[in-house]
Each structure stands twice: as C-alpha cells, then as structure tokens.
Amino acid sequence: MARINIVMVEPEIPQNTGNVARTCAATGARLHLVGPMGFKIDDKKLKRAGLDYWRYLDITYYENLDDFFIKNQGEFFFFTTKGRKTHSDVSYPDNCYLLFGKETKGLPEELLIKYPNECIRIPMAYDIRSLNLSNSVAIAVYEVLRQWDYPALQNEGQLHNYLWEEI
C-alpha cells in the first residue's frame, strides 16, 4: 500500500498537532514529530483535538531535525510560503515525506536554501501571511491521495435506505 509521511518540525500548538494526527489516522499517513515541541505529548488539548484516533496512528518522535534525517531516506517536500512550485504541480512518489514547520516561523531557511527545488507552496491571497498549519497538512495530504486515486480509502458514502427511496 502506498504511504505518505507527514513531518511536523517543532510544532508549537497542540490543537494543530491533534488535528494533523486525526488527518493522518483518517488517511493512513505516517506522522513524524520532530522536537523540540512547544507542548508535552500528553497535553489535554492535543488529545482532545485528536479525539479517540490516537490508537490508529503510526507515529514516530525525533529529538531534532538531524535525528530525523539520519533515520529517514526518501523524497522530501518542504511546504513553505517561500516555495516556488505549487502543491498541485508536483508528482509525489510512494513513501514521500511532506515537511511542515512550526506555526510561528515555518521551516528553517537553511533547509529551504539546501533544497530549493523541493520547496512547495499552497497558493493563497497576497495579503495573507499563511494558512493554518493543520489545514495546510490536510490540503497537501489530499492532493497526494488525489494523484494516487485515493488508495485503500473508502471512496463512497451511503445514505440510510429510507433516504434513498425518497430521492
């Protein structure tokens, strides 16, 4: 089965991380949390945002970015407002890594300078600084899944029978 890796670098807001965890659980994406984080992993707000989806997560923790890069290989895509490529213009391979920076500063500029061709942008209005982190992750994950034709996901809903009879 094709897999996506979501990497949150130094997340600061537990609710965003909880929302991203829920997106990962719903899509089968792996979650990688790179420290230092701005909260403890047992934070109530984190658990509340992720609801009861934590048991469905494939999650790995890293001390810092160096630790993450030592332990992972593959194709990396860095989501940033500084990117020159649009998220929908990139072809994402199986087992790719989508990296997102902390809410207040994004990804480290040294990283973006090192990988300029892998810097990806989600388009938005000129006057807006950035999208919410968890929304950006959801947009990126579903673009990758759309390109892959939503493998192993439930693609059809079902109404109750009595509703179908009325339509």
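## Asn5 and its contacts

Leaving aside residues up to four places away in sequence, Asn5 touches Arg30, His32, Asn95, Cys96, Tyr97 and Leu98. Contact here means heavy atoms within 4.5 Å. This is a predicted model: local features need pLDDT of at least 70, side-chain atom pairs count only at pLDDT 80 or more, and totals for chains, interfaces and linings use all residues. Residues are numbered from 1 along each chain as its sequence is written, and side-chain values use heavy atoms, with hydrogens and water left out.

Asn5 is found in strand β1. Strands (E, at least two residues) and helices (H or I, at least four) are DSSP runs, numbered from the N terminus. Asn5 is buried, at a relative accessible area of 1%. Buried means under 20% relative accessible area (1.4 Å probe, protein chains only). The side chains of Asn5 and Asn95 are joined by a polar contact of 3.0 Å. Such a contact is a pair of N or O atoms within 3.5 Å; within protein, one must be able to donate a hydrogen and the other to accept it, and residues adjacent in sequence count only if both atoms are side-chain atoms.

## Helix α5

Helix α5 covers residues 133-147, 15 residues in total. From first C-alpha to last it reaches 22 Å, close to the 21 Å expected at 1.5 Å a residue. The expected span is 1.5 Å times one less than the number of residues.

Buried residues of α5 include Leu133, Val137, Val141 and Leu145. The buried residues of the helix pack against β1 (4-9), α1 (14-27), β4 (76-79) and β6 (96-100). Asp149 follows α5, with a positive phi near 65 degrees.

## Pocket and cavity

The largest pocket holds about 540 Å³ of space. It has 25 lining residues; closest to its centre are Thr81, Glu103, Gly106, Ser130 and Leu131. On a 1 Å grid over the protein atoms alone, a pocket is an open set of points with protein on both sides within 12 Å along at least five of seven lines; a cavity is a set where a 1.4 Å probe fits but cannot get out; lining residues have an atom within 4 Å of a point. β7 (119-121) and α5 each supply at least two residues of the pocket lining.

The whole structure has one cavity of 30 Å³ or more. The largest cavity holds about 60 Å³ of space. Of its 10 lining residues, Ala2, Arg3, Thr27, Gly28 and Leu145 are closest to the centre. Volumes are the space filled by probe spheres set on the grid points, which are joined across faces, edges and corners.

Terms used: Buried < 20%, exposed > 50% of the residue type's maximum accessible area, 1.4 Å probe, protein only.
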